[in-house]
Amino acid sequence: MPDQTPFTAAVDRLADRFRSMPQSRLLGAVPGHPSRAAAGLALARRLAATALALEGRPAQDVPDVGPFAIGDQLAVTGHDLAAVADAEALAAALADVEATEAVL
């Protein structure tokens, strides 16, 4: 079992950032996305898709339930991925989390 700590720590840090953002910041545009919330949702969807693929399950979409839910969606999808990922998948997902964090 690979060490999940660096990945889950990064996911938790980013989730907390989203949870603490005011609406004006959540809805502000960032490079490549119409808003920070959209960037976070896109990341949550990628994390979920990777976890489902690793489990051999069919893809399911993470719903857009509003900007204030992004932090929780990231935490859930990130921890779901950590539970099933190998070292290679965790490293790729960590790079994705860090890249998203960098544009915020």
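Helices H3 and H5 pack at an angle of about 175 degrees, and their axes lie 10 Å apart. That makes H3 roughly antiparallel to H5, where angles over 145 degrees count as roughly antiparallel, under 35 as roughly parallel, 65 to 115 as roughly perpendicular and the rest as oblique. The helices here are DSSP runs (H or I, at least four residues), numbered from the N terminus. The axes are lines fitted to C-alpha atoms over the stretch in contact, with angles running from 0 to 180 degrees between N-to-C directions. The model is a predicted one, with local features needing pLDDT of at least 70 and side-chain atom pairs counting only at pLDDT 80 or more, while totals for chains, interfaces and linings use all residues. Residues are numbered from 1 along each chain as its sequence is written, and side-chain values use heavy atoms, with hydrogens and water left out.

On the H3 side, the contact is made by Ala39, Leu43, Arg46, Leu47 and Leu54, and on the H5 side by Ala89, Ala93, Asp96, Val97 and Thr100; contact means heavy atoms within 4.5 Å. Sorted by class, the contact of H3 with H5 has 7 nonpolar, 1 polar and 2 charged residues. For this sorting, Ala, Val, Leu, Ile, Met, Phe, Trp, Tyr, Cys and Pro go down as nonpolar, Asp, Glu, Lys and Arg as charged, and the others, Gly among them, as polar.

Two residues of H5 deserve a look of their own. Asp96 has its place in helix H5 and, leaving aside residues up to four places away in sequence, touches Leu43 and Arg46. With Arg46, Asp96 also forms a salt bridge, the closest N and O atoms being 2.7 Å apart; a salt bridge is a side-chain nitrogen of Lys or Arg within 4 Å of a carboxyl oxygen of Asp or Glu. The pair links distant parts of the chain, with Asp96 in helix H5 and Arg46 in helix H3, 50 residues apart. Arg46 counts as partly exposed because its relative accessibility is 34% (buried means under 20% relative accessible area, exposed over 50%, partly exposed in between, with a 1.4 Å probe and protein chains only). As for Asp72, 24 residues from Asp96 along the chain, the two C-alpha atoms are separated by 17 Å.

Thr100 is the other one, and it also lies in helix H5. At 6% relative accessibility, Thr100 counts as buried. Its contacts, not counting residues up to four places away in sequence, are Leu14, Ala39, Leu43 and Arg46.

Next comes helix H1. Its residues are 5-20 and those of H5 are 87-103; the axes of the two helices come within 9 Å and cross at roughly 25 degrees. H1 and H5 are therefore roughly parallel to each other. H1 passes H5 in a left-handed crossing, meaning that the near helix is turned anticlockwise from the far one by less than a right angle (clockwise would be right-handed). From H1, the residues Pro6, Phe7, Ala10, Val11, Arg13, Leu14 and Arg17 meet Leu90, Ala93, Leu94, Val97, Thr100 and Glu101 in H5. The residues of this contact of H1 with H5 divide into 9 nonpolar, 1 polar and 3 charged.

H1 also packs with H3 (residues 36-55), at an angle of about 150 degrees and with the axes 11 Å apart. H1 and H3 are therefore roughly antiparallel to each other, and H1 passes H3 in a left-handed crossing. Phe7, Leu14 and Phe18 of H1 make this contact with Arg36, Ala37, Gly40, Leu43 and Leu47 of H3. By class, the contact of H1 with H3 has 6 nonpolar, 1 polar and 1 charged residues.

Back to the charged pairs: the count comes to 7 salt bridges. In one of them, the side chains of Glu101 and Arg13 meet at 3.4 Å, N to O. This pair, too, links distant parts of the chain, with Glu101 in helix H5 and Arg13 in helix H1, 88 residues apart. Glu101 counts as buried because its relative accessibility is 16%, while Arg13, at 41%, counts as partly exposed. Another salt bridge brings together the side chains of Arg57 and Glu55 (3.1 Å, N to O). Arg57 counts as partly exposed at 42% relative accessibility, and so does Glu55 at 39%. Finally, salt bridges that share partners join Arg13, Arg17 and Glu101 into one network.
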